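Thanks for passing this one along. Here are my notes, in the order I jotted them down.

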Amino acid sequence: MKHLKITICAMACLLFAGNTSAQIFGEDAPWQESPIDFTLQLKTKHLWRGIQVSNSALAAVDLGFQKNGFGLGIWTGNSFDGKFREFDYYISYAKNGFQVALWDIYNFSPGATYNNEQIFNYKAHETGHFIDLSIGYRFQGEFPLFLGWATIIEGRDRGSENRKNLYSTYVSADYPVLRNMPVDLSLGLAAAFALDKEHGTSANFYGHKAGIVNVNITASKKVRLGNFTLPVSAMVMWNPVENHANLQLAIDVF
């Protein structure tokens, strides 16, 4: 309850600040066309690829540069109870439904392994980082199915004995069932496996064995709060391999 109150108070302050700046500078401020921007999202927890990365409420900030389909930026997340911190770098390109991205992900989530207190430590047997390379395509037109493939190519994806990279791979699909409705709805499904698995096991970064690690339903709508309209989403996620389920609520503040 304490963290929920903090979340609500933080949202109120941010909304007031946003309204004040809009009144002072106007909606046509010259920097609106800048390729540099940042966003703020508040979440009840952080779910990612079938994993509950944080079970605490958090604020996530994405600071980046976007130009002609190219993206370069930093994503950070911090829980209000101080138990979760994440600091990521990314570079991406997207055009006509095609997208490719390279992420350097570094977090202090519960259960994270190896040396997580040295952000510049990239030694194979010690690093808290993992490097994720992903590629995907969303079909255009009346059938906007998205298909994605992501492989961890370096970092703390090294199996139980920390001997070698497993190259854990995450293959996903999602489809927006309802679009441009009062409540939009999308469905997702993903499986995970190791390209170079350990002897005698199919364990990978996402689960103790290969299989379906993410079945999700996401509902989203725009909620009016005074003069503001905020995108809000609720995602239900099941991980059949790990036999657990979670619900995440998220609000895009700006």
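1. I'd begin with the surroundings of Thr-169. Leaving aside neighbours within four places in sequence, Thr-169 is in contact with Trp-149, Ala-150, Thr-151, Ala-191, Ala-192, Phe-193, Leu-195 and Tyr-206. Bear in mind that this is a predicted model.

2. Is Thr-169 buried or exposed? Its relative accessible area is 0%, and the cut-off for buried is under 20%, so Thr-169 counts as buried.

3. As for its place in the fold, Thr-169 belongs to strand β10, which covers residues 168-178.

4. Now the wider picture. The strands form a closed barrel, twelve of them, in the order β1-β4-β5-β6-β7-β8-β9-β10-β11-β12-β13-β14, with antiparallel pairing. On average, neighbouring strands of this sheet are turned by 20° against each other, direction ignored.

5. A look at β8 (residues 129-138) from both sides. With β7 (residues 98-106), β8 pairs in the antiparallel sense over nine bridges; Asp-104 stands opposite Ile-131 of β8. Nine bridges also join β8 to β9 (residues 146-155), again antiparallel. Here Ser-134 has Ala-150 in β9 as its bridge partner, and Ala-150 turns up among the contacts of Thr-169 as well.

6. Further along, which strand is joined to β11 by nine bridges? That's β12 (residues 211-225), running antiparallel to β11 (residues 184-194). If you want a residue pair to check by eye, Asp-184 stands opposite Ser-220 in β12.

Methods:
Residues are numbered from 1 along each chain as its sequence is written. This is a predicted model: local features need pLDDT of at least 70, side-chain atom pairs count only at pLDDT 80 or more; totals for chains, interfaces and linings use all residues. Side-chain values use heavy atoms; hydrogens and water are left out. Two strands pair if DSSP finds at least two bridges between them. Helices (H or I, at least four residues) and strands (E, at least two) are DSSP runs, numbered from the N terminus. Axes are lines fitted to C-alpha atoms, for helices over the stretch in contact, and angles run from 0 to 180 degrees between N-to-C directions. Buried means under 20% relative accessible area, exposed over 50%, partly exposed in between (1.4 Å probe, protein chains only). Contact means heavy atoms within 4.5 Å.
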